[in-house]
Amino acid sequence: LLPLPILIHPFSSLFAKENLGRMSEEQLNRYDRLINEPSNDWDIYYWATEAKPAPAELDHDVLAMLREFAKNRNREQRLRQPDLEYLFEGPH
């Protein structure tokens, strides 16, 4: 089993890079709550991979986006965090 930082952080950073620029302010607020409210990052991983049900208050459209991202339908290699330049780019 991989340590959590190796497993979840590239996953969440890649999701952020791909999705934050097109989220509404409300979605950004839900995303912020989703990644900051749970006391255990493994919970987020289990909810995203549908290994465990999410609490009703966190089971929303942003979690649905994260679940879809976790399915990796294009079979992309996701082993490292993205470069951080996207944080300094304007909206897409």
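The exercises below work through a predicted model of one protein.

**Exercise 1. Describe the overall make-up of the protein: how many helices and strands are there, and what share of its residues is buried?**

Step 1. The protein has four helices and zero strands. Read from the N terminus, its elements run α-α-α-α.

Step 2. The protein has 92 residues, and 33% of them are buried.

Step 3. The exposed surface comes to about 6,300 Å², of which carbon and sulfur atoms supply 51%.

Step 4. Among contacts with a separation of 6 or more, 60% join residues 24 or more positions apart.

**Exercise 2. Find the buried residues of helix α4 and work out how they are arranged around its axis.**

Step 1. Helix α4 covers residues 61-71, and its buried residues are Val62, Leu63, Leu66, Arg67 and Phe69.

Step 2. Viewed down the axis of α4, these buried residues fall within an arc of 160°, so they line one face of the helix.

Step 3. After α4 comes Asn72, which has a positive phi, near 45°.

**Exercise 3. Identify which residues have the most contacts inside the largest nonpolar core, and which elements contribute to this core.**

Step 1. The largest nonpolar core holds 15 residues, and those with the most contacts inside it are Phe15, Tyr31, Leu34, Trp47, Leu63 and Leu66.

Step 2. Two or more residues of this core come from each of α1, α2, α3 and α4. The largest share, four residues, is given by α4.

Step 3. Take Leu63 as an example. Setting aside neighbours within four places in sequence, Leu63 is in contact with Leu34, Trp47, Ala48, Ala54 and Leu58.

Step 4. In soluble globular proteins, nonpolar side chains tend to be buried together.

**Exercise 4. Classify the ring pair of Phe15 and Phe69, and state which parts of the chain the pair ties together.**

Step 1. The protein has five aromatic pairs. In the pair of Phe15 and Phe69, the ring centres are 5.6 Å apart and the planes stand at 75°. Planes over 60 degrees apart count as edge-to-face, so this pair is edge-to-face.

Step 2. Phe15 belongs to helix α1 (residues 4-19) and Phe69 to helix α4, so the pair ties together parts that are 54 residues apart in sequence.

Step 3. Phe15 counts as buried, with 0% relative accessibility. Phe69 also counts as buried, at 7%.

Step 4. Phe15 and Phe69 form one aromatic cluster with Tyr31.

Notes
Residues are numbered from 1 along each chain as its sequence is written. This is a predicted model: local features need pLDDT of at least 70, side-chain atom pairs count only at pLDDT 80 or more; totals for chains, interfaces and linings use all residues. Side-chain values use heavy atoms; hydrogens and water are left out. Buried means under 20% relative accessible area, exposed over 50%, partly exposed in between (1.4 Å probe, protein chains only). The arc is that of the directions from the helix axis to the C-beta atoms. Contact means heavy atoms within 4.5 Å. Accessible areas come from the Shrake-Rupley method with a 1.4 Å probe; for residues, only the protein chains shown count as cover. Rings of Phe, Tyr and Trp (its six-membered ring) pair if their centres lie within 6.5 Å; planes under 30 degrees apart count as stacked, over 60 as edge-to-face and the rest as tilted. A nonpolar core is a set of buried Ala, Val, Leu, Ile, Met, Phe, Trp, Tyr and Cys residues joined through side-chain atoms within 4.5 Å.
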